[in-house]
Amino acid sequence: MPAHHIRLKNKSQIPVSPSLFPPQDFNLTTKTHMNTPTHHRILLTGAAGGLGKALRTRLKSNCSVLRLSDIVDCGPAQESEEVMLADLADSKAVFAALKDVDAVVHMGGISVEGPFGPILQANLLGAYNLYEAARMHGVKRIIFASSNHVTGFYSQGETINANHPPRPDGLYGVSKAFGEDLSRFYFDRYSIETACIRIGSSFPEPKDRRMLATWLSYDDLHRLITACLSTPVLGHSIIFGASNNSVSWWDNSCAKHIGFHPKDSSDVFKEDIFARTTSPNLEDPVVQKQGGAYVAMGPHGFID
Ligand SMILES: NC(=O)c1ccc[n+]([C@@H]2O[C@H](COP(=O)([O-])OP(=O)(O)OC[C@H]3O[C@@H](n4cnc5c(N)ncnc54)[C@H](O)[C@@H]3O)[C@@H](O)[C@H]2O)c1
């Protein structure tokens, strides 16, 4: 399929709710409305990725048209879907992807630690292109997939909240911190609201002991995105994305206005994970720090 080609099967139009325009009271709390679409057209970037695939069906309840975008094939458009190939580093492609969009769920980009070149293109330039396109098209709400690796150098014994300064554990974490700062600027200057979700570990199940603290189920991720899309006032918010796990390093009291109430918990996997993993070496920084293995990766050297 050629780049920017759109396939739309369901052409029905639902007006965008006027409640999306934020009042000035930032202490409002709201319940999430799981089955009421709050937006007409939502753009999901990174739609071919792990979380993109998990959100593809789930986000249908949030909008009447779901536009899927990625640098790689997302498969054919299903009912009420549009598919649009776009490299986030390509400003023209990103501009086209945001046309007629009411909100963005931005999952696209490099999702792991690694060399700076690809991170620079997809996560830094990509974020800039996305926010510039949002400004030009008047898109006022963005859900940004940030990461726990923005604060990965805090110790696992510490409980941190959104007011703790970033301590990225690698170039990937630095790129997500850039996205958080960039979105703050676009909120202060252009009133584009953003939820920076510092996603913990979002997989079907937690895979190791660290993930007992960081796990975010796919359903809770969708609950969190739904809350961010539907809260009357989002502002610029930073929220840690984790399920209702007994062990937690993150305090979301700065984000009460979002009204996120996780329902799943890693606790049900604890016995099994303890049985198949060995006791950690508590001297190892990888065990001590919240970022886990990321704190020991690199250096990655110059860009070729
Ligand atoms: N899954 C997690 O536990 C987790 C944790 C923290 C943060 N996140 C963030 O959530 C988002 C989704 O994570 P995921 O696990 O689905 O990652 P993923 O790697 O499976 O998906 C990312 C998608 O982005 C696309 N992409 C990469 N470069 C691109 C570019 N230049 N232009 C357009 N698309 C591009 C990829 O093709 C891929 O489909 C990422 O931004 C990631 O950093 C995920």
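Seven strands make up an open sheet with parallel pairing, in the order 3-2-1-4-5-6-7. Strands here are DSSP runs of E with at least two residues, helices are runs of H or I with at least four, and both are numbered from the N terminus; two strands pair if DSSP finds at least two bridges between them. At the edges are strand 3 and strand 7, each pairing on one side only. Strand 2 and strand 3 pair over five bridges, and Asp70 stands opposite Leu85 in strand 3.

This is a predicted model, where local features need pLDDT of at least 70 and side-chain atom pairs count only at pLDDT 80 or more, while totals for chains, interfaces and linings use all residues. Residues are numbered from 1 along each chain as its sequence is written.

| Element | Residues |
|---|---|
| Strand 2 | 63-70 |
| Strand 3 | 81-85 |
| Strand 7 | 236-241 |

Now to the ligand. Its shell holds 25 residues, with Gly46, Gly49, Leu51, Ser111 and Ala145 the closest; a residue is near if its C-beta atom, placed from the backbone, lies within 6 Å. Helix 1, helix 3 and strand 5 each give two or more residues to this shell.

Finally, the contacts of one residue. Ile143 touches Val104, Val105, His106, Ala195, Ile197, Ile225, Cys228 and Leu229, leaving out residues up to four places away in sequence. Contact means that two C-beta atoms, placed from the backbone, lie within 7 Å.
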